[in-house]
Amino acid sequence: MDLSKAPNPRKLQLCRTYFLTGFAFLPFVWAINVCWFFAEAFRKPTYPEQSQIKRYVIYSAIGTLFWTIALITWIVIFQTNRAAWGATADYISFIIPLGSA
Amino acid sequence: MDEHDVPSSSAAAAAADVDDSQSGAAERLERPPRRQQKQKISNYGSNEQLERNNADHTDGPVLAVPYVVVRGTNSQPPRLSAGGADGGPGPSQQELEEEQGLKYGAQHVIKLFVPVSLCMLVVVATINSISFYNSTDVYLLYTPFHELSPEPSVKLWNALANSLILMSVVVVMTILLIVLYKKRCYRVIHGWLILSSFMLLFIFTYLYLEELLRAYNIPMDYPTAVLIMWNFGVAGMMSIHWHGPLRLQQGYLIFVAALMALVFIKYLPEWTAWAVLAAISIWDLIAVLSPRGPLRILVETAQERNEQIFPALIYSSTVIYTYMGTHYTPEQPLPTATSSPSYSNSTTTTRTTQNSLASPEPATGGSTARPGNSRAHQRQQETQAAAEGMPLVTFKRNLHGNEEAAGFTQEWSANLNDRVARRQIEVQSTQSGNGRLSNEYRTVTAPDQPQPELPEERGIKLGLGDFIFYSVLVGKASSYGDWTTTIACFVAILIGLCLTLLLLAVWRKALPALPISITFGLIFCFATSAVVKPFMENLSAKQVFI
């Protein structure tokens, strides 16, 4: 879909929908929102809805950042402690790496 | 893979059948209507008329001058720029247009090459890195014969029987789709498409992720995997079936096509895959080109209704189908109508022979929901009706949610006025007894397209089924581990695509994209693996290159 042809209220509505959808454990949607509306929020000449779009974009960016950090932290903790946690760790492992012979 | 995966994969295959059934239908140029319009004008307009039009174009409404008699002249036919965007009048306009057509054609060839190549690249890379997709151990429901016998003759009839079964499934699915489309069961079709893309984006992506991680020996825990799957799938559903950035949508469509191709490569027995490729291209040929072919009916119905074929089935090089939903603003009933200077009335002269497909449409359209048409058009139509003093069928269209509007196009409403004008001309010409033989045509003022320029209209669309089967061919060729064959197939398919696009530019109608490409691909594949490869091996064994 082409944002440049969309009227401003529609942009705001889309941005808000993407932002609200992101709360359903969907940081990827937030990331899309940031990438998609970044130019609208910061590069375009001002229009009435822009301040709200800007707010949603910033919040989405914060959310994405938070999720990224959280996910990386979790992965690092899990992978470093996997052997130590024993059966529990094996139980929640999707792929257990094979050792090389 | 356990047994309960098989029905799901078969269902997805059914979905892919539909994809495939769409394949040929997809590809058509969007230009012909406007071009026809222009040619009509050029045939019957004179220079002074053109000037008048231009004046009208700048002055605004021409409703005050409704009765204009146009004399047909033998001089160089001037051209009216229908959208106000493309080319000014000139003596070499025709050549210019041809040139422009070639230029845009070339651009679109490139625009299609990139996604097709990307799709094949994904498939080939997967085949070469993940051995899971290389071996067939579980079979689809549609292929009951498993080609386990070493005898070539038994394998041959197994493959033929399997492909026959698969093709009949494809035919039945296509006809079902056509019936649903004809009956306007859009909800059923959308539900079907959403279900199939849901399965591809969640279940098959899950399998893909698992095999990918296993192949590269990357550790991962379930919470992370579930989070990734959830994010990937939901974002894909949003961007395919709702609104999303164009690039993301195209990327998801390419990925879905590649995944479907991998499913075919994985679950079809070897000879069956080749037989299916041959059979599907023949079916594509029949379905698109024969007079009662289902895909032809589909394309014609879609053109008649001025709708786009469903976005989940078609890769479009531009934003056509998602464009619609953005244009309705509840806050502004008349988005560009009064403010935009280019929204002026241009004079459109049309022949009476044009209206065969348009006239019954508004009458029937009133009964069903017509999402995606703005109130502006309706109002505009009413004002026009009032101005012309002609009784028109005015009908209320329901404005549904935006998610429904995604499947429909601005074009329908844009052409509405055109069709109205056409009908009026028809009525008047039959009333006055002039008929179509007359050289004098009344020009009827019809507001032109409300959007002054729509460069997106020139997009070329390619069905996802074409992506899938191109990729199946290349992937199957690469599964033998021979890069010469793979690259030969790749080049052959792209050449076939080029030829198809060339024919498209010549004939300007929907064409099947599979036959030429697949024929070339099959010939090149077997010729390369049977002739070129031994030859090259011989050459390198004898060290001719050194």
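I began with a loop in chain B: Arg184(B) is found between helix 5 (152–182) and helix 6 (186–216). Helices here are DSSP runs of H or I with at least four residues, strands are runs of E with at least two, and both are numbered from the N terminus. I checked the backbone there and found phi of Arg184(B) near 60°, a positive value in a residue other than glycine.

Before going on, I noted the ground rules. This is a predicted model, where local features need pLDDT of at least 70, side-chain atom pairs count only at pLDDT 80 or more, and totals for chains, interfaces and linings use all residues. Residues are numbered from 1 along each chain as its sequence is written, chains are lettered from A in the order in which they are written, and side-chain values use heavy atoms, with hydrogens and water left out.

Next I looked at the loop between helix 6 and strand 2 of chain B, the place of Asn217(B). Asn217(B) is not a glycine, yet has a positive phi of about 60°.

Strand 2 of chain B covers residues 220–221, and I followed it across to chain A. It runs antiparallel to strand 1 of chain A, joined by 2 bridges. DSSP must find at least two bridges for two strands to pair. I looked up one partner: Ile95(A) is bridged to Met220(B).

Then I took the whole interface. I counted 33 residues of chain A in contact (heavy atoms within 4.5 Å) with 39 residues of chain B. The two chains bury about 3,100 Å² between them, 68% of it on carbon and sulfur atoms. Buried area is the accessible area (1.4 Å probe) that two parts lose on being put together, summed over both.

Which parts of chain A touch chain B? Helix 1 (8–21), helix 2 (27–42), helix 3 (50–85) and strand 1 (93–95) each supply at least two residues. Helix 1 gives the most, with 7 residues. I sorted this side of chain A into 25 nonpolar, 5 polar and 3 charged residues. In that sorting Ala, Val, Leu, Ile, Met, Phe, Trp, Tyr, Cys and Pro are nonpolar, Asp, Glu, Lys and Arg are charged, and the others, Gly among them, are polar.

How many salt bridges cross the interface of chain A and chain B? I found 0. The rule asks for a side-chain nitrogen of Lys or Arg within 4 Å of a carboxyl oxygen of Asp or Glu. Over all chains the search finds 6. I picked one: Glu40(A) with Lys11(A), the closest N and O atoms being 3.1 Å apart. This pair links helix 2 and helix 1 of chain A, 29 residues apart.

Last, I opened the UniProt record. Its unreviewed entry puts "transmembrane region" at residues 18–39 and 59–78 of chain A. Such annotations may be inferred rather than shown by experiment. In the model, residues 18–39 are 77% helix and 0% strand, with end C-alpha atoms 16 Å apart. Residues 59–78 are 100% helix, and their end C-alpha atoms are 28 Å apart.

For chain B the record, also unreviewed, lists spans including 112–136 and 252–268. I read 72% helix for residues 112–136 of chain B, with ends 31 Å apart between C-alpha atoms. Residues 252–268 of chain B are 94% helix, and the end C-alpha atoms lie 24 Å apart.
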